[in-house]
Amino acid sequence: MAMQWQWLQPGISCTVRTYAKINLTLDVLGRRSDGYHALATVMQTVDLYDTLSFTLRDDEQVRLVCTQPELSTETNLALRAAMVLREYTGQRYGALIELQKRIPSAAGLGGGSSDAAAALLALTRLWRLSLTSEELLRLAASLGSDVPFFLYGGLALCEGRGELVTPLPSCWPAEWRWLVLLKPAISVSTASVFGALTARDYSDGSHTWAVCAALREGRLPDLAHLYNGLERGVVERYAAVAAARAALLEAGAAFVRLSGSGPTLFTALAHLEEAQRLWLRLQEQGYEVYLTQAIYPSVESLTLLSLPAR
Ligand code: C5P
């Protein structure tokens, strides 16, 4: 331990971008005996990101500072990831975690999960820990169902309760190059959305399998298969989501889907000019809108360790 501290230099830091995701499909297959729901979902990272810096401290303290003070709490997933990593390895290293938050919280975009995955990867590096991919994936799954996906990023099929990740080839369709995300001005609890599901929201996974097959073959998936089993309940329960959905369609979106448990909605367009026109029209109506693209973070900085495909 003493030896390790000699080459762990306090003040060393690393900075990563942690990307949001959208769900292209989300089939809820049914309720499991552990209370979670069995899912088949296709997720894609998009270039809306938080910035996280990790600086080694020479004491045992792990501190989090966030640009949104209400998120600088012990329940913050980036901080929890650091604590879980320390507990698992038995190491007592310290770190300062600085989080510049841009991804809306409780929005169905996986921001907190993405931060947690980045914290696991960055601190494993910074603290010179040696963990296998399997150990990292297990720790990630213990933090949240979406966290393992963000260890990979890009495009992936996620099964189980969402934690079983199969990376798909980087084959986002050019016809959907530009993604317009609209975050209605409400927050939605994932647990309450899943809790309100009824059997009629369940599906057999065929939407997800059809989309995976189309993407693998380089075909544009049929819009009928961009299905999210959580969408009906969210649109019915939250008037703000229904209104935002109508506004997107009215502004010319060819289709609108909910991302994860929402409330964020998205649509896709081929050309920047039309995407920007749509973005502007919605922004003029006072909506929080983002113009993004699919992104494969392994070419940037998020994937600090190379994880094998399952
Ligand atoms: O895994 P995570 O902590 O993100 O999940 C938050 C909540 O969402 C869970 O406590 C559960 O109520 C619900 N959930 C579910 N089925 C899943 C994922 C999440 O019912 N596959």
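Analyst: Among the elements that line the largest cavity, helix H8 (residues 231-237) contributes the most, with 3 residues; helices here are DSSP runs of H or I with at least four residues, strands are runs of E with at least two, and both are numbered from the N terminus. The model is predicted, with local features requiring a pLDDT of at least 70 and side-chain atom pairs a pLDDT of 80 or more, while totals for chains, interfaces and linings use all residues. Residue numbers start from 1 along each chain as its sequence is written, and side-chain values rest on heavy atoms, with hydrogens and water left out.

A cavity is a set of points, on a 1 Å grid over the protein atoms alone, where a 1.4 Å probe fits but cannot get out, whereas a pocket is an open set with protein on both sides within 12 Å along at least five of seven lines; a lining residue has an atom within 4 Å of a point. Grid points are joined across faces, edges and corners, and the volume is the space filled by probe spheres set on them.

The open space comes next. The largest pocket has a volume of about 1,100 Å³, and among its 45 lining residues Leu77, Ser113, Asp146, Thr190 and Ser261 are the closest to the centre. Two or more lining residues come from each of strand E1 (13-31), strand E2 (37-57), helix H2 (77-89), helix H3 (111-126), helix H4 (133-143) and helix H6 (190-195). The pocket lining splits into 17 nonpolar, 22 polar and 6 charged residues.

Thr190 also belongs to the set of residues around the ligand, which includes Gly35, Tyr36, His37, Gly144, Ser145, Arg161 and Phe194; to be counted, a residue needs a heavy atom within 4 Å of the molecule. One polar side-chain atom of Ser145 is 2.5 Å from a ligand oxygen atom, and one of His37 is 2.8 Å from a ligand oxygen atom. For Arg161 the polar atom belongs to the backbone, 2.9 Å from a nitrogen atom of the ligand.

Strand E2, which also contributes to the pocket lining, runs antiparallel to E5 and is joined to it by 4 bridges, two strands being paired if DSSP finds at least two bridges between them. Met43 has Ala156 as its bridge partner in E5, and Ala156 in turn is bridged to Pro167 in E6. The pairing of E5 with strand E6 (residues 164-167) is likewise antiparallel, over 4 bridges, and in the hairpin of these two strands, with 4 residues between them, Gly160 has a positive phi near 70°. Gln44, in strand E2, is buried with a relative accessible area of 0%, and its side chain makes a 3.1 Å polar contact with that of Tyr296.

Elsewhere, 4 strands form an open sheet in the order E8-E9-E7-E10, paired antiparallel. Strand E8 (257-258) and strand E10 (288-293) each have a single partner strand at the edges, so one side of each lacks a neighbour in the sheet. Between strand E7 (residues 178-183) and E10 there are 6 bridges, with Leu181 opposite Tyr290. In the loop between E8 and strand E9 (265-269) sits Pro263, joined to Gly262 by a cis peptide bond with omega of about 10°.

Key. Nonpolar A, V, L, I, M, F, W, Y, C, P; charged D, E, K, R; others polar. Polar contact = N/O pair within 3.5 Å; in protein donor to acceptor, adjacent residues only side chain to side chain. Buried < 20%, exposed > 50% of the residue type's maximum accessible area, 1.4 Å probe, protein only.
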